[in-house]
Amino acid sequence: MSEKDEETFKSVDLEQQTEKTPEPDNPQESPSGTETDKPSTPSTEAKAESPPSTHTSAAKVKWTSSVEQFKLKRFFVLRPGTLDHGIEDVKALVNPTEDGAVQSVWLMAEVDHWNNEKERLVLITENTLLIFKYDFVMLNCEQIQKIPLNYIDRICHGTFCFPPRSLLTREGEGVRVFWDKLREPSFTSRWNPFSVEYPFTTFTYHPVKSANEELGRLCDIQNFREQLTSAAQKAHSKNPVPGKANGVLVLNQPILIEAYVGLMSVIGNQNKLGYCLARGNIGF
């Protein structure tokens, strides 16, 4: 073989090597491309997992609100027209000559000395504070308590408290109205759960206060306290009582309920026995 032929063969070998050199570059680029794609997949999975968590939280809130609405619907006072009918009935029992014109109407929960809750309609007139025990099932008034405004001498508002060894608890705030600070309840009255010989009465929020705005205004005990204080001050200046200090003392302090065991109040308050409530079918 001649020298020229050898040079041609050598040149061909170099060209083949130069053509083969780019081939290994392709597999190197593909792994790098796959490695950069791998971290992107967890981020998309994380984004896909975030909506279920918000969806579950929204479902829990919706379930809780539906349960609360179901509990509120059991109160007869929320039936259409029931509250308006009850207000008209109690207004008809007001004596314009003795009590004066009606100034405001309230839906309250009365708390007795044994920590029992009772549903009440309360009216403030020019001369009297009227407390009605009204049956929202049969739509009739069962009991009336009248307290002259010029006899009210003290109004306390604050949280509830109990004696140190008491087993009872109560959350929230209340308003206590006193009308005879010189008379203390007797020993038998303290231990009698049905006694009404107490020179004060205590109110707290009705459970349906959050149903709508109108009921929120009717159940606002702070606004009730302000209007009652103003009406009592006017009654004291208009018709003072001989031998009593003219004016109303307003105190912000804990409201003491002197009850220790109160098993009856625990059962009654948990089952809302003091309210007109739809309790379902009872029988066999």
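Predicted model: local features only at pLDDT ≥ 70, side-chain atom pairs only at ≥ 80, totals over all residues.

**Aromatic rings and cores**

Together with Trp-106, Phe-203 and Phe-224 make up one aromatic cluster.

A search of the whole structure finds six aromatic pairs. One of them is formed by Phe-178 and Phe-200, whose rings are tilted, with 5.3 Å from centre to centre and 50 degrees between the planes. Because Phe-178 lies in strand 6 (residues 173–178) and Phe-200 in strand 7 (residues 200–204), this pair ties together parts that are 22 residues apart in sequence. Both Phe-178 and Phe-200 are buried. Phe-203 and Phe-224 form an aromatic pair that is edge-to-face, the centres being 5.6 Å apart and the planes at 80 degrees. Here Phe-203 belongs to strand 7 and Phe-224 to helix 7 (residues 221–238), so the pair ties together parts that are 21 residues apart in sequence.

The largest nonpolar core has 24 residues, and those with the most contacts inside it are Leu-83, Leu-107, Leu-121 and Phe-136. Two or more residues of this core come from each of helix 4 (82–92), strand 1 (102–111), strand 2 (117–125), strand 3 (128–135) and helix 6 (213–218). A second, separate core of 21 residues includes Trp-106, Ile-131, Ile-147 and Phe-224.

The side chains of Arg-120 and Glu-110 are joined by a polar contact of 3.0 Å. Neighbours within four places in sequence aside, the residues in contact with Arg-120 include Trp-106, Leu-107, Ile-131 and Phe-132.

Ile-152 is placed in the loop between strand 4 (140–148) and strand 5 (154–161), and this loop residue is buried, with a relative accessible area of 0%. Leaving aside neighbours within four places in sequence, Ile-152 is in contact with residues including Ile-147, Phe-178, Trp-179 and His-236. Ile-152 and His-236 are 84 residues apart in sequence, while their C-alpha atoms are 8.7 Å apart in space.

Two charged side chains also sit over aromatic rings. Arg-170 lies over the face of Phe-160, at 5.6 Å from the ring centre, and the charged end of Lys-209 sits over the ring of Tyr-205, 5.4 Å from its centre.

Note on methods: Residues numbered from 1 in each chain as written. Heavy atoms only, no water. Helix = DSSP H or I, 4+ residues; strand = E, 2+ residues; numbered from the N terminus. Buried < 20%, exposed > 50% of the residue type's maximum accessible area, 1.4 Å probe, protein only. Contact = heavy atoms within 4.5 Å. Core = buried A, V, L, I, M, F, W, Y, C linked by side-chain atoms within 4.5 Å. Polar contact = N/O pair within 3.5 Å; in protein donor to acceptor, adjacent residues only side chain to side chain. Phe/Tyr/Trp six-rings, centres within 6.5 Å; stacked < 30°, edge-to-face > 60°. Lys NZ or Arg CZ within 6 Å of the ring centre and 35° of its normal.
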